[in-house]
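I opened the model to go through its strands, rings and core. These are my notes, in the order I looked things up.

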Amino acid sequence: QVHLVESGGGLGQPGGSLTLSCAASGLTFNKHTMSWYRQAPGKERELVALINSVGGAGYAASVKGRFTISRDNSKNMVSLQMNSLKPEDTAVYYCNAQGVTQYWGQGTQVTVSS
C-alpha cells in the first residue's frame with residue numbers, strides 16, 4: 001500500500017516562509033518523479049514544482065525563484081520550501097509520485113494572510 005503523507009501546512013504571513021514535507025512509503029521512492037501540486041478554491045489543480053529521481057527540478061512560473069523543491073532518497077521524503085509567500089499561494093497542496101502509476105497524498109492546507 002502506497003502512502004504519501006504531507007505535513008507542514010498552516011497559516012503563513014505575506015512575505016514569510018513555510019516548508020511542506022511529504023513522507024512516502026510503499027513504493028520504490030528513487031524511481032519516482034515527485035511533485036507538489038496545489039488547488040485553490042474554485043480553481044483547477046496545478047503543478048507547482050517537480051523533481052526527478054536524480055534531482056533535476058522544475059517550477060511553475062508563478063513560484064520560480066520563491067519556492068525550492070528537494071528530495072532525500074535515503075529518507076523517502078520530498079520537501080517544498082516556500083519563501084516570499086503571497087496571498088495567491090493560498091491553496092491545498094498535494095504531494096504526487098509519478099512512476100508507472102501515479103499516487104497522491106491527502107493534501108495540506110496553506111493559507112497566506114495577515
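Entry 1: I began with Asn96, whose bridge partner in β10 is Trp104. Strands here are DSSP runs of E, at least two residues long, numbered from the N terminus. Two strands pair if DSSP finds at least two bridges between them. This is a predicted model: local features need pLDDT of at least 70, side-chain atom pairs count only at pLDDT 80 or more, and totals for chains, interfaces and linings use all residues. Residues are numbered from 1 along each chain as its sequence is written, and side-chain values use heavy atoms, with hydrogens and water left out.

Three bridges join β9 to β10, and the two run antiparallel. They form a hairpin with three residues between them. β9 also runs antiparallel to β11, with three bridges; there Tyr93 stands opposite Thr108. Seven bridges join β9 to β4, again antiparallel. Gln98 in β9 is the bridge partner of Thr33.

I checked burial next (buried is under 20% relative accessible area, exposed over 50%, partly exposed in between; 1.4 Å probe, protein chains only). Six of the eight residues of β9 are buried, so the strand is largely enclosed by the rest of the structure.

**Entry 2: the rings.** I searched for aromatic pairs (Phe, Tyr and Trp rings, the six-membered one for Trp, with centres within 6.5 Å; planes under 30 degrees apart are stacked, over 60 edge-to-face, the rest tilted). The structure holds two. Tyr37 and Trp104 have ring centres 4.9 Å apart and planes at 65°, so this pair is edge-to-face. Tyr37 lies in β4 and Trp104 in β10 (residues 102–104), so the pair ties together parts 67 residues apart in sequence.

Tyr94 and Trp104 have centres 6.4 Å apart and planes at 85°, so they are edge-to-face as well. Tyr94 is in β9 (residues 91–98), so this pair ties together parts ten residues apart in sequence. Ring pairs link Tyr37, Tyr94 and Trp104 into a cluster.

Tyr37 is buried at 19%, and Tyr94 is buried at 13%.

I looked for charges over these rings (NZ of Lys or CZ of Arg within 6 Å of the ring centre and within 35 degrees of the ring normal). The charged end of Arg45 sits over the Tyr94 ring, 3.7 Å from its centre. Arg45 also lies over the face of Trp104, at 4.6 Å from the ring centre.

**Entry 3: the open sheet.** I traced an open sheet of four strands in the order β1-β3-β8-β7, paired antiparallel. β1 (3–7) and β7 (67–72) are at the edges with a single partner strand each, so one side of each lacks a neighbour in the sheet. β7 pairs with β8 (residues 77–82) over six bridges, and Ser70 stands opposite Ser79.

**Entry 4: His32.** I found His32 in the loop between β3 (18–25) and β4 (33–39). His32 counts as buried at 9% relative accessibility. Its contacts (heavy atoms within 4.5 Å) include Leu27, Ser53, Arg71 and Tyr103.

Terms used. Lists of a residue's contacts leave out its neighbours within four places in sequence.
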